Amino acid sequence: MENKVNILGVNIDKLTIDEACEKIYSFLDEDKLHYVFTPNSEMIMAAYRDENLKKILNSADILSADGIGVVYASKILKNPIMERAAGFDIAKSLLKKLNDNKKSLYLFGSKPGISQRAAKNITKDYPDIIISGCQDGYFDEEKEKEIINDINEKKPDVVFVCLGVPKQEKWIYKNKDNLNAKVLMGLGGSLDVFAGEVKRAPQVYQKLNIEWLYRLCKEPKRIGRMMDLPKFAFTVVTKGKREEK
């Protein structure tokens, strides 16, 4: 556990963006499926309340620290993570490696048409990536079977699963033994950003680690979700040590 930090029972990997990218890419040489989640403070609080979600998160091959709150929590626990490794940043870094080595990528999630627009923008910047398939995140039981069959027929190296938290984590965990791919990554709203539907926070917000403030200004309805941030900090301070193993 020396390369992980236990934050309220969730074992976060102490990886930088580059280290996470390298490790994910190394999975492509293995003859089995791997999956990656990128928890932020909200997700860890949800897992703190939900033992099943905690089990799902801890089963992943990589759990990177998506939010700056997770990084601060690791410092409070005196087992510091050196860098926030957001899912979108890892995905961008991975795209270059996939492009350089002509690997395949499958895009799954968001509203109808978004994955196709994301694919168009990705191939504009990374023309040697093979986009093996695109599916939106709206499905019933029958369409879900079709999506799984499509992934299995295409045999992509990497699948970006963007269904939102915790739906994507639960979907990946439920279907991990039924999918013919090398890596599944739960990436929330990343397809919307790649498609140009949503703008990421300007660099100044990213450097100051206040992307959450930018998103809150853009989407005031997020205020309810943001209330988990002070709860997370308080819980780490008061109970975090007891959760460490």
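Predicted model: local features only at pLDDT ≥ 70, side-chain atom pairs only at ≥ 80, totals over all residues.

Tutor: Helix α7 supplies Glu144, Ile148 and Ile151. Helix α8 supplies Trp171, Lys174 and Asn175. Sort these contact residues by type, and you get three nonpolar, two charged and one polar.

Now the geometry. Helix α7 covers residues 141–154, and helix α8 covers residues 167–175. Their axes lie 13 Å apart. The packing angle is about 65°. Angles of 65 to 115 degrees count as roughly perpendicular, so α7 is roughly perpendicular to α8.

Next, the whole protein. There are 13 helices and eight strands. The protein has 245 residues, and 49% of them count as buried. It exposes about 12100 Å², with carbon and sulfur atoms supplying 50% of that area. Take the contacts between residues at least 6 apart in sequence: 76% of them join residues at least 24 apart.

Serine 64 sits in the loop between β4 (62–63) and α4 (68–76). Its relative accessibility is 0%, so serine 64 counts as buried. Leave out residues up to four places away in sequence, and serine 64 touches Ile12, Phe37, Thr38, Pro39, Ala85 and Ile90. Threonine 16 is 48 residues away along the chain, yet its C-alpha atom and that of serine 64 are separated by 8.3 Å.

Key. Residues numbered from 1 in each chain as written. Heavy atoms only, no water. Axes fitted to C-alpha atoms, helices over the stretch in contact; angles between N-to-C directions. Helix = DSSP H or I, 4+ residues; strand = E, 2+ residues; numbered from the N terminus. Parallel < 35°, antiparallel > 145°, perpendicular 65-115°, else oblique. Contact = heavy atoms within 4.5 Å. Nonpolar A, V, L, I, M, F, W, Y, C, P; charged D, E, K, R; others polar. Buried < 20%, exposed > 50% of the residue type's maximum accessible area, 1.4 Å probe, protein only. Areas by Shrake-Rupley, 256 points an atom, 1.4 Å probe, with all protein chains shown as cover.
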